[in-house]
Amino acid sequence: MTQDNKLVVLGGAGAMGRVAVKTLLGTATFGSIVIADRAFDAARKLAFELGDPRIKAIGLDVTDAGDLHAALEGADVVISTVGPYYRFGTTVLRAAIASRTHYLDICDDWQPTIELLALDDAAKAAGITAIIGAGASPGISNLLAVTAAAELDRVHTLHTVWGTGKRNADGDDVVENSAALHHWLAMLTGQIRVQREGALVDVRPLQRLVIDFPGVGRVPIHTVGHPEPISLPRRFPSLRHSVNAMDMPRGIISVLKSVTRQVEAKRIGFDDAVGYVGKVFARSDTLGLGAALREATRFAWGATVEIATRKKYLPMLSAYAEGTRQGRSVRVGVSMRGEIPGGMAAMTCVPTAVMAEMLMAGEVDRRGAFAPETGVDPDRFFRRLAPFTTMPTPEGSLLRTVREEAA
């Protein structure tokens with residue numbers, strides 16, 4: 001039986017928002033779902049296509065405070081997929097606090113994450129739950145990290161890692177849309193914040209680390225600016241080291257290092273860099289012969305080195321922990337056995353929908369503004385997530401956890 005709960009999805013007509021809408025339509029969690037989008041025609045078209053009486057479409061610009069507050073009036077939950085979060089994140093969360101509406105977002109920028117988490121006391125005072133970064137990374141990645149840390153008595157190193165799996169990654173997922181590529185390059189330029197020697201410090205991105213991932217072996221990873229190193233030390237005060245990093249083919253890393261250096265040296269504009277990288281990964285005919293040959297050589301050389309060194313790849317999302325267990329030094333690796341089909345949007349917003357379900361089911365009872373690792377139970381989350389993956393495992397665990405004693 002459908003519950004008499006109201007959900008508002010901001011940016012609901014976009015690629016991310018529509019995944020959350022469609023996923024929650026398949027449940028009885030909400031009796032009313034409002035697709036709120038600045039592009040009203042797109043919102044109305046989506047509502048018509050879905051053809052469900054629970055759906056309503058409205059036009060909404062979140063910068064209009066009056067309309068935003070009116071849209072949230074009487075809502076039980078708001079999911080915000082409206083970015084960039086450095087512009088709109090705290091605006092929407094403050095409105096949710098004022099209307100006493102539970103809140104979830106998919107913020108994956110580390111700077112606005114700090115501002116959003118700073119509203120913890122205000123959210124508690126309003127009696128609402130605000131889950132910051134309820135997507136894939138952050139989101140799934142944070143809960144993988146909690147699972148890894150649970151294998152240890154004390155954890156001092158906790159990294160979240162994006163991987164490409166065992167397939168030959170060619171960057172297609174990265175350029176699924178220009179907004180994603182724009183965000184990705186932004187995380188690879190300037191300074192990023194990581195946990196190092198027990199303190200949050202600003203460093204350059206794309207720094208190379210090698211981790212000895214249990215069950216896989218030694219894997220080189222490269223740092224990326226992301227919220228996980230901001231929030232995980234709040235959950236685990238013993239942490240000394242925490243980064244978010246990617247395990248990508250050598251050719252991709254080489255392209256990214258070259259382009260970001262040119263951006264920082266002001267030899268190329270940021271938007272031009274986004275366009276160039278998009279063309280490289282899409283193997284566009286408009287790249288130009290000279291650039292195409294240069295990048296093809298770069299990728300071929302990278303592949304040759306990886307074959308010679310027998311490089312191993314991590315799954316799409318993993319967590320790596322180091323610490324002690326019963327007085328011994330131990331490493332732990334945790335990753336998902338399956339993936340969420342449907343591309344980047346599904347990978348991001350199916351978890352958001354799952355956390356919204358958990359919230360309404362009373363499985364998330366913490367109040368305040370926090371990242372998933374602080375208030376979402378990982379075991380319950382992954383059990384709920386399993387049916388949406390390529391490897392539903394009702395009889396077992398969706399996760400692969402390997403623990404090894406350090407040499």
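Student: What is the order of the strands in the open sheet of seven strands?
Tutor: The model is a predicted one. In it, the order runs 10-11-12-7-13-14-16, and the pairing is mixed.

Student: What makes strand 10 and strand 16 edge strands?
Tutor: Count partners. Strand 10 (208-213) and strand 16 (399-405) each have a single partner strand, so one side of each has no neighbour in the sheet. Between neighbouring strands of this sheet, the turn is 30° on average, with direction ignored.

Student: How do you know that strand 11 and strand 12 pair?
Tutor: Pairing needs at least two bridges. Strand 11 (residues 217-223) and strand 12 (residues 244-246) have two bridges, in the antiparallel sense. They therefore count as paired.

Student: Which residue in strand 12 is the bridge partner of His222?
Tutor: Met246 is the bridge partner.

Student: Now the rings. How many aromatic pairs does the structure hold?
Tutor: Four.

Student: Why is the pair of Trp184 and Phe281 called tilted?
Tutor: Check the distance, then the angle. The ring centres lie 6.3 Å apart, and the limit for a pair is 6.5 Å. The planes stand at 45°. Stacked needs under 30 degrees and edge-to-face over 60.

Student: Are Trp184 and Phe281 buried or exposed?
Tutor: Both are buried. That puts each under 20% relative accessible area.

Student: Which residues form one aromatic cluster?
Tutor: Trp184, Phe281 and Phe299.

Methods: Residues numbered from 1 in each chain as written. Predicted model: local features only at pLDDT ≥ 70, side-chain atom pairs only at ≥ 80, totals over all residues. Heavy atoms only, no water. Phe/Tyr/Trp six-rings, centres within 6.5 Å; stacked < 30°, edge-to-face > 60°. Buried < 20%, exposed > 50% of the residue type's maximum accessible area, 1.4 Å probe, protein only. Helix = DSSP H or I, 4+ residues; strand = E, 2+ residues; numbered from the N terminus. Axes fitted to C-alpha atoms, helices over the stretch in contact; angles between N-to-C directions.
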